[in-house]
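Here are a few notes to read alongside the model.

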Amino acid sequence: MQETAAGQGHHGKDTATRHMVYMDLLPTRVTRVEGALRRSVRHQPRQLVKVHTAPARPFWFYLLIGMTCTLLLWMVLSTAAGWFSTWMDDLHYGRPRTFQTDARVGHNEQGGQPSHFIAINLHRHIEVIEFAGGDPAQARIFMGPELYHASDELVPVELKFSDLNNDGKPDMVVLYQGQHLVYINDGKSFRLSTQAEQDGIEQALQRLGW
């Protein structure tokens, strides 16, 4: 940087010209390189890492898993099917299991009114009540078999009527648990079938598909 100053004095005389030179000195950074730093690297021998793999499972292991899953699925489906069957029976037969129907069997039906029947599974005791001609005063109770398992309290009971011994009078068949109990109509009431009548009754039931 240069600066020039010129001027006159108080007496009109020229003054000397001064030249001032200013120089900006910037600091200089000096970096000394003393040499490259070398590090000695020790080469270690390579080590082999052994990878452990699971051994192949035998065939019977997968077979056992499949059988277990199949068994669990069967148990779940069986439980669901049993629950659904019980629920449907509750809708149709209620609790205790009750079945009602009307049938013309020739008992006190002179007025043209059919007899009314009620079959009930009451605490594992099967009972059938007949209102002859629909008259409660002519009610009769027929004691059926007794069931023994605790779950048998929910077994439904049904009644069907057909002439099984070819005497012209409809007989009463009590159906429960895939079994049947036959009462023969004697014209005034019902009685259990005898051993001698069993063969003919079984043939008649097979023809009816009961």
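**Notes on the predicted model**

1. Of the 210 residues in the protein chain, 22% count as buried (buried is under 20% relative accessible area, exposed over 50%, partly exposed in between, with a 1.4 Å probe and protein chains only). This is a predicted model, in which local features need pLDDT of at least 70 and side-chain atom pairs count only at pLDDT 80 or more, while totals for chains, interfaces and linings use all residues. Residues are numbered from 1 along each chain as its sequence is written, and side-chain values use heavy atoms, with hydrogens and water left out.

2. On the overall layout, the protein chain has two helices and 10 strands (DSSP runs numbered from the N terminus: helices are H or I with at least four residues, strands E with at least two). Read from the N terminus, the order is β-β-α-β-β-β-β-β-β-β-β-α. Taking contacts between residues at least 6 apart in sequence, 35% join residues at least 24 apart (contact means heavy atoms within 4.5 Å).

3. S3-S4-S5-S6 is the order of four strands in an open sheet with antiparallel pairing (two strands pair if DSSP finds at least two bridges between them). S3 and S6 (139-146) are the edge strands, each pairing on one side only. From one strand to the next, the twist averages 15° (axes are lines fitted to C-alpha atoms, for helices over the stretch in contact, and angles run from 0 to 180 degrees between N-to-C directions). S5 (residues 125-131) and S6 run antiparallel and are joined by six bridges; Val128 stands opposite Phe142 in S6.

4. Arg97 deserves a look. Where does Arg97 sit? Arg97 belongs to strand S3 (residues 97-103), and because its relative accessibility is 1%, Arg97 counts as buried. Its side chain makes a polar contact of 2.8 Å with that of Asp90 (a pair of N or O atoms within 3.5 Å; within protein, one must be able to donate a hydrogen and the other to accept it, and residues adjacent in sequence count only if both atoms are side-chain atoms). A polar atom of the Arg97 side chain also lies 2.6 Å from the backbone oxygen of Gly94. Leaving aside neighbours within four places in sequence, the contacts of Arg97 include Thr86, Asp89, Ile120, Glu153 and Pro156.

5. Another open sheet has four strands in the order S7-S8-S9-S10, again with antiparallel pairing. Its edge strands are S7 (158-162) and S10 (190-192), each pairing on one side only. The twist here averages 30° from one strand to the next. Three bridges join S9 to S10, and Tyr183 has Leu192 in S10 as its bridge partner. H2 packs on this sheet, touching S7, S8 and S9, and its direction makes about 115° with that of S9.

6. Which residues of helix H2 (residues 198-208) are buried? They are Ile201, Ala204 and Leu205. Seen down the axis of H2, these buried residues fall within an arc of 100°, so they line one face of the helix (the arc is that of the directions from the helix axis to the C-beta atoms). Strands S8 (171-176) and S9 (179-185) are among what covers them. Exposed residues Asp199, Gln206 and Arg207 are on the face of H2 turned away from its buried side. Just after H2, Gly209 takes a positive phi of about 75°.
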